[in-house]
Amino acid sequence: MPHFILAQSYLLLAILALLEGPFVAIACGVGVGLGYFNPLAAYGILVAGSIIPDFFYYSIGRYARSIPAVERFALRTRLIREVYLPLKELWRESPLFMLALGKLAYGITPPITITSGLAEVPLPRFAYASFLAGTILYGALGCLGFLLARLYGFVDLKTGAAPYLVGAAGLGCFALLVFLMRAARRRLGRG
């Protein structure tokens with residue numbers, strides 16, 4: 001790696017963790033596995049990079065909630081009414097589940113997190129859920145990156161074991177996504 005990147009690696013990690021989380025967590029785990037990062041410092045930066053945007057989006061939702069025109073618009077629009085009202089109920093019942101689902105729903109995390117502020121989830125409950133979801137998710141992804149870095153020297157690509165390992169990891173991620181989708185459907189169907 002170029003000397004400049006190594007010298008500023010934690011600053012670069014902090015900026016990237018604020019902008020993009022899951023892939024940075026995996027890359028950070030690889031960096032820890034290769035000895036470029038201190039595991040505790042990198043993990044702390046990743047968790048902070050997860051929590052800060054959550055609070056920003058939560059604040060946007062709380063501010064928008066205080067504007068009466070936003071609520072009137074939401075109730076008049078059929079699509080928003082059909083999606084927002086069940087989300088509001090889910091946020092009030094289990095914010096940890098919703099934050100975990102939002103973080104795994106790549107690309108739509110901001111709108112889902114904004115709905116937490118619109119649903120008026122209490123700030124301490126949201127903070128606890130955000131911290132717990134961030135630590136678990138980014139810890140798991142960092143461990144995956146670490147494992148990939150450590151396996152790099154042990155897996156011989158000529159034997160054909162690497163595609164099986166990648167396929168098993170992909171199958172595990174798919175199974176987790178299906179489980180979360182079914183759990184969300186059961187929770188929505190209950191109401």
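Analyst: A salt bridge here is a side-chain nitrogen of Lys or Arg within 4 Å of a carboxyl oxygen of Asp or Glu. Keep in mind that this is a predicted model, with local features needing pLDDT of at least 70 and side-chain atom pairs pLDDT 80 or more, while totals for chains, interfaces and linings use all residues. Residues are numbered from 1 along each chain as its sequence is written, and side-chain values use heavy atoms, leaving out hydrogens and water.

User: Why do E120 and R92 count as a salt bridge?

Analyst: Their N to O distance is 3.7 Å, which is inside the cut-off, so the pair qualifies. E120 sits in the loop between α8 (109-118) and α9 (123-151), and R92 in helix α6 (residues 78-93), 28 residues apart. Helices are DSSP runs of H or I, at least four residues, numbered from the N terminus.

User: What makes E120 buried, partly exposed or exposed?

Analyst: Buried means under 20% relative accessible area, exposed over 50%, and partly exposed is in between (1.4 Å probe, protein chains only). E120 has 38%, so it is partly exposed. R92, at 41%, is partly exposed too.

User: How many salt bridges turn up in the whole structure?

Analyst: The search finds 2. K103 pairs with D54, with the closest N and O atoms 2.8 Å apart. That pair links K103 in helix α7 (residues 95-104) to D54 in helix α4 (residues 39-65), 49 residues apart.

User: How do you know whether K103 is buried or exposed?

Analyst: Its relative accessible area is 7%, so K103 is buried.

User: What makes W91 and F126 stacked, tilted or edge-to-face?

Analyst: Their centres are 6.4 Å apart and their planes meet at 45°, so the pair is tilted. W91 is in helix α6 and F126 in helix α9, so this pair joins parts 35 residues apart in sequence. W91 has 0% relative accessibility, so it counts as buried.

User: Which residues do the ring pairs link into a cluster?

Analyst: F55, Y58, W91 and F126.

Definitions and conventions: Helices (H or I, at least four residues) and strands (E, at least two) are DSSP runs, numbered from the N terminus. Rings of Phe, Tyr and Trp (its six-membered ring) pair if their centres lie within 6.5 Å; planes under 30 degrees apart count as stacked, over 60 as edge-to-face and the rest as tilted.
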